[in-house]
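Dear colleague,

Please find below the structure I promised to pass on to you. My notes on it follow directly after.

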Amino acid sequence: CTDSVGGFSKMSDRMNFGSAFFLACRNGFECLSEEAQSQMRQSVISHQHTDGLFVGRHDSGDLYYTFFGLMLSAVTHAKINLAACKQSIARIDVSSLDVVHRCVLLRVQRLLKLLTLPKVMRSTAVKNLNLKADRQERKIIASLATLPAASYPQSDPQSPYSQFLRVTLHADFGVTIPHVDLMRYRLASGLYANLPDDTEYAINATASAMFLIDKAQRDITAKALCNLQELDGSFKAVQQAPTGDLLTTGTATFALNQSHLQPSSSIKPYLRTCIRDDGLFAATADDPTGDLEYTVYALIALGGCS
């Protein structure tokens, strides 16, 4: 690994994840050519459904993809139907949502507030993503601890990803941070597993853990993560995966950058294999279709490249 320049706050200091994520995405967009920026901007607009939400691989509005759509709208300055989006979000029944979607809802609401500001103010108003939680937001955040295990990813509230969701949300919204214990998921190498007491590492579990552990542990983990980069610049989700993918590459690179490190090799050649004619990025080099989610992963990775 090489030292990264211009890194964000140390993770042990509970940096604002939402702000860092937004800034990396914006910086990645600014690295693109004007033609690529224009193509991406138009594709973001075309991926908004008539109900105001954004679509993924299926032509129906989706709360999860709306987070990525709004993030891209903010960094590309796409002219979307903000009023329709607000109306659809307001109609969502929070009690029907699992943990992932409750976290997404809160972050979507913050992005909507950011997007109501004039374009010239958005870059300097990232603090709007990290305002202290109001009463309704606190109620939703408190509800996460009361949900059954089945509402969590992999039905495990203690997994690195589950704890990442809760802790970063608490930190960003100014709520007391819950206790973190990841020792049953930590391997001797410093990498992390998806399952407790497992022996197989998972890159996304490792990237999630890097936002939660102390500096001494994180330094070991970051070096071990760097060693897993593929020759094409990508990262594979697990050792047995046939190829790297953009989700894993984006999250791994973003976590390393927030640790003031960069991957040993440039990820740009791999990103070039994933961009499509419409300006969006696909999940893998052989996936013919780009979407909003993987485009964000590409931008947060690109935003930290030297």
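Does phenylalanine 254 count as buried or exposed, and at what relative accessibility? Phenylalanine 254 counts as buried, at 3% relative accessibility, where buried means under 20% relative accessible area and exposed over 50%, with partly exposed in between (1.4 Å probe, protein chains only).

Please bear in mind that this is a predicted model, in which local features need pLDDT of at least 70 and side-chain atom pairs count only at pLDDT 80 or more, while totals for chains, interfaces and linings use all residues. Residues are numbered from 1 along each chain as its sequence is written, and side-chain values use heavy atoms, with hydrogens and water left out.

Phenylalanine 21 is likewise buried, with a relative accessible area of 8%, and the rings of phenylalanine 21 and phenylalanine 254 have their centres 5.6 Å apart and their planes at 80 degrees, so the pair is edge-to-face (rings of Phe, Tyr and Trp, the last by its six-membered ring, pair if their centres lie within 6.5 Å; planes under 30 degrees apart count as stacked, over 60 as edge-to-face and the rest as tilted). Because phenylalanine 21 lies in helix H1 and phenylalanine 254 in helix H11 (residues 246–258), this pair ties together parts that are 233 residues apart in sequence; helices here are DSSP runs of H or I with at least four residues, numbered from the N terminus.

Phenylalanine 67 counts as buried at 13% relative accessibility. Both phenylalanine 21 and phenylalanine 254 belong to one aromatic cluster, which also includes Phe67 and Tyr64.

Helix H3 (residues 63–76) is mostly covered, with 13 of its 14 residues buried.

With best regards

Note on methods. Helix = DSSP H or I, 4+ residues; strand = E, 2+ residues; numbered from the N terminus.
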